[in-house]
2 protein chains.
Amino acid sequence: MKKLINKPEDVLADALKGVSEAHPELRVDHQHRVIYRAQPKDHGKVALISGGGSGHEPLHGGFVGVGMLDAACCGEVFTSPTPDQMVEATTVVDQGAGVLHIVKNYTGDVMNFEMAGEMAAADSGVRVETVVTDDDVAVQDSTWTAGRRGVGVTVLLEKIVGAAAEEGRDLDAVLDLSKRINAQGRSMGMALTSCTVPAAGKPTFDLPEDQMEMGVGIHGEPGRKRVPLAGAAEIAEQLVDPILSDLDFQGGPSIVMLSGLGGTPLIELYLLYGEVAVLLEKAGVQVARTLVGDYITSLDMAGASVTVLKADDEILRLWDAPVKTAGLRWGL
Amino acid sequence: MKKLINKPEDVLADALKGVSEAHPELRVDHQHRVIYRAQPKDHGKVALISGGGSGHEPLHGGFVGVGMLDAACCGEVFTSPTPDQMVEATTVVDQGAGVLHIVKNYTGDVMNFEMAGEMAAADSGVRVETVVTDDDVAVQDSTWTAGRRGVGVTVLLEKIVGAAAEEGRDLDAVLDLSKRINAQGRSMGMALTSCTVPAAGKPTFDLPEDQMEMGVGIHGEPGRKRVPLAGAAEIAEQLVDPILSDLDFQGGPSIVMLSGLGGTPLIELYLLYGEVAVLLEKAGVQVARTLVGDYITSLDMAGASVTVLKADDEILRLWDAPVKTAGLRWGL
């Protein structure tokens, strides 16, 4: 295993030190492993929290800041954060207007956030609502999930709903919007290689030199099928077709994200996006906004995922609103 | 070779299609393989051009836009662009105030940009000045270079000098500043793995599982030495010590960039930055601004480089100025 780490068991703690050194504009609670927006907007804004296992950076810590999240709870690599981390974060960020938990659909995350929401409500009277993302069209259930997995739409949701909260919308409105965004987004990913979890020290799965995994999960969970290695044009088809078969994206603008999985360089991501764009255009999808780069990753896995979100004028306006985080920034 | 590409010989052309699809705010000349800022600031601004072999993205195409470059000339992977690309770009972007060529110190790039500068001056009367970056402390000469190689400082220079040009400074002032930035920056990189050039189809060099290459070049050129694999704390020392031995960074603020080489995930980059920050603090370096992520890469190479730039209040002000490019964006 070749990684820029010290001891495998210290990866998260050490990485959080780097985050706090690189981003004085954030506040890192090293004990609870929570990354906070350092200067909360203290006038009763609905607070947004997300979190999950580490190894998907910039998700979620890289999306804490003005216009997105108020806090991110960081679990160990590919391991759910604990309820006590979430209770701490929920209590700290609440400004009296309630807290939205943004949870990717994985069994551990869903269970722990549910428990934390109940505890925060019971102990501190915080009103907590939850949106569970489940946009991955690859498989219905998986090793780690009942129902579909939550993947790339989570990034878009945190941006759009973050802007809505920043505008001062109340918890009911923020919750409604978040559910609408999740319902209107679909994703599909593929891997050229496995990732290697530091604590395991070896690749999560074996993938022969002439094969790829279509529909892979962000923890290396099996996808739909293992197929022969193909060119970017064919890979794009295998990613886009299942997305377009699952939801009708015609008749309005869409936001498209092509995210690398961590080990794939930007030149390949742009190349693949070129193929994706051709297919979307052919299918009559009107791409209004695009994001190409590493946004939801799987450690050092080589590969990519595509997310398409059916938008409208209001969603585009919220997308364009100013944001200042480590992972997404414009207008500020 | 596992890559998200079609034919190896089409990588650059295909990637440029993706860039133009993803960034309607840029203008891509697919014939000359030049990426332009679509809406030039047409009031006699000094124009900035850079370029070089592809495979280092987001450098340079990702730094075209308001507050940075006016154009980037894209060579084939790890191959200098040709003089005719540079002449075309120089002629197109000139607004009458002259053009600065920002050239990384590699033999082919330096030769071709020199030829292009002379041709543009002779044919179109454009005044061209050139800054050659050579910040890599690893080796004095290399396979591809007489003198030191130009690496990470190029990113910081394009940002800072881009802001100065945007303010309306004349070509002499812009040139002076660019030389000062280069003189005040130092970099050092390391590789855990080789990269694979698509046209070659196999890794550029062999690096055993228990070794790493200190001082590696951004094309996989040999560095200072091949040493046993070590933890992040020791790697940080081996990167920071040669930088601090080469220039005195005390007595003022510095800008620090930790760039991944393309195959290393963000969690490892932050982890390594945590170690770098500790060493810089111990050495009395005052880190005023930080950039952690993929900014100057080597295809899919796993590893990282550190760049430290001695700054001052004026340089920090130019650093903070608004920028809107695919690879760096704030304030706009």
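Reply: Two strands pair if DSSP finds at least two bridges between them. Strands (E, at least two residues) and helices (H or I, at least four) are DSSP runs, numbered from the N terminus. The model is predicted: local features need pLDDT of at least 70, side-chain atom pairs count only at pLDDT 80 or more, and totals for chains, interfaces and linings use all residues. Residues are numbered from 1 along each chain as its sequence is written, chains are lettered from A and ligands numbered from 1 in the order in which they are written, and side-chain values use heavy atoms, with hydrogens and water left out.

Start with strand β2 of chain A, residues 34-37. Leu26(A) has Arg37(A) of β2(A) as its bridge partner. β1(A) and β2(A) form a hairpin with 4 residues between the strands. In this hairpin, Arg33(A) takes a positive phi near 55 degrees. In general, strands of a sheet pair through backbone hydrogen bonds, either parallel or antiparallel.

Now the side chains of β2(A). Val34(A) and Tyr36(A) point one way. Ile35(A) and Arg37(A) point the other way. All four are buried (under 20% relative accessible area; exposed is over 50% and partly exposed in between, with a 1.4 Å probe and protein chains only).

Next comes helix α2(A), residues 83-93. Its buried residues are Pro83(A), Gln85(A), Met86(A), Val87(A), Ala89(A), Thr90(A) and Val93(A). They pack against β2(A) and β4(A), and also against β3 (47-54), β5, α3 (107-124) and β6 (128-133) of chain A. Contact here means heavy atoms within 4.5 Å.

β5(A) spans residues 99-104 and holds His101(A). His101(A) has 0% relative accessibility, so it counts as buried. One of its contacts is Thr90(A), a buried residue of α2(A). His101(A) also touches Ile49(A), Phe113(A), Gly117(A), Val128(A), Glu129(A), Thr130(A) and Val131(A), leaving out residues up to four places away in sequence.

Met214(B) has Lys225(B) of β9(B) as its bridge partner.

Axes are lines fitted to C-alpha atoms, for helices over the stretch in contact, and angles run from 0 to 180 degrees between N-to-C directions.

The loop between β11(B) and β12(B) holds Asp300(B). At 22% relative accessibility, Asp300(B) counts as partly exposed. Its contacts reach into the other chain: they include Gly263(A) and Pro265(A), along with Lys3(B), Cys195(B) and Gly263(B).

That leads to the two copies. A rotation of 180 degrees with 0.0 Å of shift along its axis superposes chain B on chain A, at RMSD 0.0 Å. The copies are thus related as by a two-fold rotation axis. The superposition is by least squares on the C-alpha atoms of residues with pLDDT of at least 70 in both. Gly263(B) is the residue of chain B that comes closest to the axis, at 2.1 Å (C-alpha). Of the interface residues of chain B, 100% are also interface residues in chain A, so the copies meet through the same surface.

The axes of α7(A) (residues 266-282) and α1(B) (residues 11-22) come within 7 Å and cross at roughly 60 degrees. Among the residues that meet are Ile267(A), Tyr270(A) and Leu271(A) from α7(A), and Val11(B), Ala15(B) and Val19(B) from α1(B). The residues of this contact divide into 9 nonpolar, 2 polar and 5 charged. Nonpolar covers Ala, Val, Leu, Ile, Met, Phe, Trp, Tyr, Cys and Pro; charged covers Asp, Glu, Lys and Arg; the others, Gly among them, are polar.
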